[in-house]
Amino acid sequence: MTRTVAASDYQVVIGLEVHAQLLTLTKIFCGCSTGFGGAPNSHVCPICLGLPGVLPALNARVVELAVKTGLALGCAIQPVSVFSRKNYFYPDLPKGYQISQYELPICLGGGLAITVDGREKFIRLTRIHMEEDAGKNLHDVAADGSSGVDLNRAGVPLLEIVSEPDLRSADEAVEYLKALRAILLALGVNDGNLEEGSFRCDANVSVMRKGATQYGTRAELKNMNSFRYLKQAVEYEVRRQVALVETGQPVVQETRLYDPARGETRSMRSKEEAHDYRYFPEPDLPPVRVGEALVARMRAEQPELPRARAARYQGSLGLSAQDAGVLVGDGGLADFFDAALSARGGGAEAAKKVANWLIGELSRLANETGLPPRAWKLTPARLAEVLGLLDAGTVNGAGAKLLVEELFRHGGDPAELVRRRGLAQVSDEGAIEAAVDAVLAASPAEVERHRSGKKDLTGFFVGQVMKALKGKGNPGVVNALLKKKLGGG
Amino acid sequence: MALTLDEVRRVAALARLKLSEEEERLFAEQLSAILDHVRELETLDVTGVPPMTHALAEGEAVALRPDALVPGLSPEEALGNAPAREGTCFKVPRIIE
Amino acid sequence: MTTANDAALTGLSLQAASLELQAGAISSRQLTEACLARIAATDGRVGAFLAVTGERALQQADRSDRRRAAGGALGPLDGVPLAVKDLFLTRGVPTTAGSRILEGFVPPYDATAVTRLEAAGAVLLGKLNLDEFAMGSSNEHSAYRPCRNPWDLTRTPGGSSGGSAAALSARQCFGTLGTDTGGSIRLPASFCGVVGLKPTYGRVSRYGVIAFASSLDQPGPLGRTTWDVAALLGAIAGPDPHDLTCAARPADDYLAALEGGARGLRIGVPREWFGGGLQPEVEARVREALTTYQRLGATLVEISLPHSRYGIAAYYLIATAEASANLARYDGVRFGLRAPGVRALQELYSESREQGFGAEPKRRIMLGTYALSAGYHDAYYLRAQKVRTLIRRDFDAAFGRCDVVAGPVAPGPAFKLGERTGDPLQMYLADIFTITCNLAALPGLSVPCGLARGLPVGLQLVGRPFDEATLLKAARALERELGPAPVPAALEAAP
Ligand SMILES: [Zn+2]
């Protein structure tokens, strides 16, 4: 209802600010671990505690990963960028300022393509900058209602990736976030975990009457830690703002927290000086200089990005758009696919088979165990060997499935496993004919019904024969012999 | 230029300083005097002059830190100077979001 | 109690004490005990120390003596008793920055400069008095006790490194470290008749030195002679991976260059540094020093530093802006003073900071916060940074025509305690000649050049970036002519 109003009379304008934790070993300004877990304040040192006298020592890897990301997103890498102090008081911010980049970020411009309803659209980026994460305030740690401060996360390196207000619907926002996440995953700079907050987004949302030339006042939405919540939060906020405008009330520029339980956004207690961060250049860090050598090195490290990869899968390998999308979509399936296909010798026919195994059986096992491909005991080369055994008729489909599961869980050599577990397919016509004869002899009634044409019981007989052969019968031979013996043409 | 008491209060709030009334009056007066002196900067034409934001000369090499783990403090050491603690957390009054 | 023998020992220069140690004529324990006795006898009146770590010092002295006995002495500082401004963090030894807000704070790590002194075998006697967070020019802003000038106990030793200069003048130790943000090493050195060097920004690591204004602060040595200062600088200077603003280039051999003399030196004399509020007796001593240089074969070049007069204004905007952020971490959460009985977070901040900070830090936090706040940032902070560029350009142009710039350190000799505490602007103007050197990130030095009304006067020398060697060489040439700075008599009178 209101949605209809929004769609017809109002233009929705959305920009996303994404905070992505960089996959470094140590924090941005000290040698403490970025690892999750551990007791509160067990990954800290004088620097990330903000003790008197400390200075930030910028992690070289953070700059590298920022450049790597910027190159992938088509940004202009800035030869000189500057860290600034963003000043505010909060218990999880040890120094009373966050070291971030303000006027001169490391990357400017760039963007990425998304596809919504089959239509491709380019979303521009404003900037990417490096900054430190804050710690964590823990509520109600003591009986008196006091809060606690854990600084293990303080100083973890983040990239803030800011889009232009180019997104025009909640669906576009979700697609953008998914596409960005896939790129960061492919680059290996971020783990893409929305739930744990290592990949999180804020949305600036406003509405304007269609045809208007000025953007409406925007609200900044926070706390959307899933794609679904992002969609719900934006849609709610659009309805809210449209309702305000329709009734002649002003939209207030403010930060609003999304409440997933209610599916609503609500205003955060605004602090009077919320917008006076008193930025100034961080005097403790000289300007960051990115030379051509570093850019060249990061360019050489660029992987094939998801959209290009999906296009290749659909083009030369002939996969469906859906299969290609699944393969490039998440956590390393595509790398596994490429490696297995290459081990199998390539080609469209092999590609289809490898894709089917990855999207079917292996995805099922991965979901069941929660293991990403790099943690599987099954390697791409071993999967290729299994497919070889299948193509050669050494095992049948059922055998291959057993083999793949066994290899997924425990690893090992497929050929050796076939021998040890007796999974070899029975193709010997004599042995199969004996089994067929025995089954037909034992089921005279069914044979009669089948032959009379009352009911096609081929499936029943195949099942019985396979059972007699302990599942290892060559399905082609079994079918052919049954057909001959039952006289079905 | 005279700094008003309201401005002094606004700045004190930003800086998280709870000033006494006497301090507010004193600072209004002293800061006004200092700001008057500082006004002489306005007589200079700084058009096209880049700000000197960093003191280390531009040509000096800067070595960034390699991404290698360095042993930090134990939670006990980290909390060694804490005015109040709960477990291994720094304890603060209830934070209202 | 102080014996005649002790007095003979504590009166030595660092160089002489070091030679005695190397000759085996005395032990580090003897030297250390003599210093501790001298501190015990005099510091009640001077107030140079905020903390004396006698036992720790004696353990270090004994280790040095054992090292030397085993043939493993480390260098000129091995076994020499020194002390550092209480702005340098010392692991396990309380560090206060002269502020109530850090009362009882025990650092879990050492400042790089402290680590280096200890690695050179030095004995650390304790922590020296200062203006709170190094904010001041008289040491009267110490939250614990004022420090007095050994030349006249009714006068200030200068600030903010007042204790670092007074302890040397009072013969309580052989060398000290201070920090200089707007003159905080050179002013007290001048007021107390010792040598003080503010190195080029980035020559000495700031890691573990409590920050006042990060783009201006620079740690540096004070000593009774130029040799002493050169030896101390050699020990603490050089790259530090903990401080990215510390230059990667290695330190020079300052002792090797020390005796090069003044012949051929081109000394720039800025016309803006003479006249105005400069007191005639001070100007006379400075002019005499310049004449001495001419006699030694140096040439004087009249130069102009036209933007010098804007230094104070630019400085007080930049320094306070940076300070307002640097002092935000004193919030009562992780260390330091927390106001008792607070129930809400905002009270925790504002009450703790109100109770913990003295008037001067509060004043500067207020000014800096104002200068950075919305609507004022460009007019104040940004403009000041541009003026800073102009000041640096003045020096760059001058150094095309001269090798060092020379002038007074301060308009007058040490002033009376309490004389300026009521008028912050007057206090700030004491830094008028020293501040441009910090703004331009250059090395500056104060060397005694005689007395005015019985009080020491310092000659200031400012050099090219990273050319501390020339400053020390030039100062040494004057020192050789004038002889050792006299011993202040005030302390020797009956207490
Ligand atoms: Zn750390």
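Chain B and chain A bury about 3,400 Å² between them, with 60% of that area on carbon and sulfur atoms. Three residues, B:His54, B:Arg65 and B:Asp67, supply 21% of the area that chain B buries against chain A, more than any other three residues. The model described here is a predicted one.

**Extent and make-up of the interface**

- The contact draws 53 residues from chain A and 33 residues from chain B.
- On the side of chain B that touches chain A, 19 residues are nonpolar, nine are charged and five are polar.

**Polar and charged pairs across the interface**

- Between chain B and chain A, 19 residue pairs are in polar contact, both residues of each pair having pLDDT 80 or more.
- Two salt bridges are found across the interface of these chains.
- A salt bridge links B:Arg94 to A:Asp140, and the closest N and O atoms of this pair are 3.0 Å apart.

**Secondary structure at the interface**

- In chain B, helix H1 (5-14), helix H3 (75-78) and strand S2 (89-92) each supply at least two residues of the side that touches chain A.
- Strand S2 of chain B gives the most to that side, with four residues.
- Strand S2 of chain B also pairs with strand S10 (residues 147-150) of chain A; three bridges join the two strands, which run antiparallel.

- C:Glu360 lies in helix H12 of chain C, which covers residues 359-372.
- The side chain of C:Glu360 is joined to the side chain of C:Arg363 by a polar contact of 2.5 Å.
- A further polar contact, of 2.7 Å, connects the side chains of C:Glu360 and C:Tyr428.
- When residues up to four places away in sequence are not counted, C:Glu360 touches C:Met135, C:His141 and C:Tyr428.

How values were computed:
Residues are numbered from 1 along each chain as its sequence is written. Chains are lettered from A and ligands numbered from 1 in the order in which they are written. This is a predicted model: local features need pLDDT of at least 70, side-chain atom pairs count only at pLDDT 80 or more; totals for chains, interfaces and linings use all residues. Side-chain values use heavy atoms; hydrogens and water are left out. Contact means heavy atoms within 4.5 Å. Buried area is the accessible area (1.4 Å probe) that two parts lose on being put together, summed over both. A salt bridge is a side-chain nitrogen of Lys or Arg within 4 Å of a carboxyl oxygen of Asp or Glu. A polar contact is a pair of N or O atoms within 3.5 Å; within protein, one must be able to donate a hydrogen and the other to accept it, and residues adjacent in sequence count only if both atoms are side-chain atoms. Ala, Val, Leu, Ile, Met, Phe, Trp, Tyr, Cys and Pro count as nonpolar, Asp, Glu, Lys and Arg as charged, and the others, Gly among them, as polar. Two strands pair if DSSP finds at least two bridges between them.
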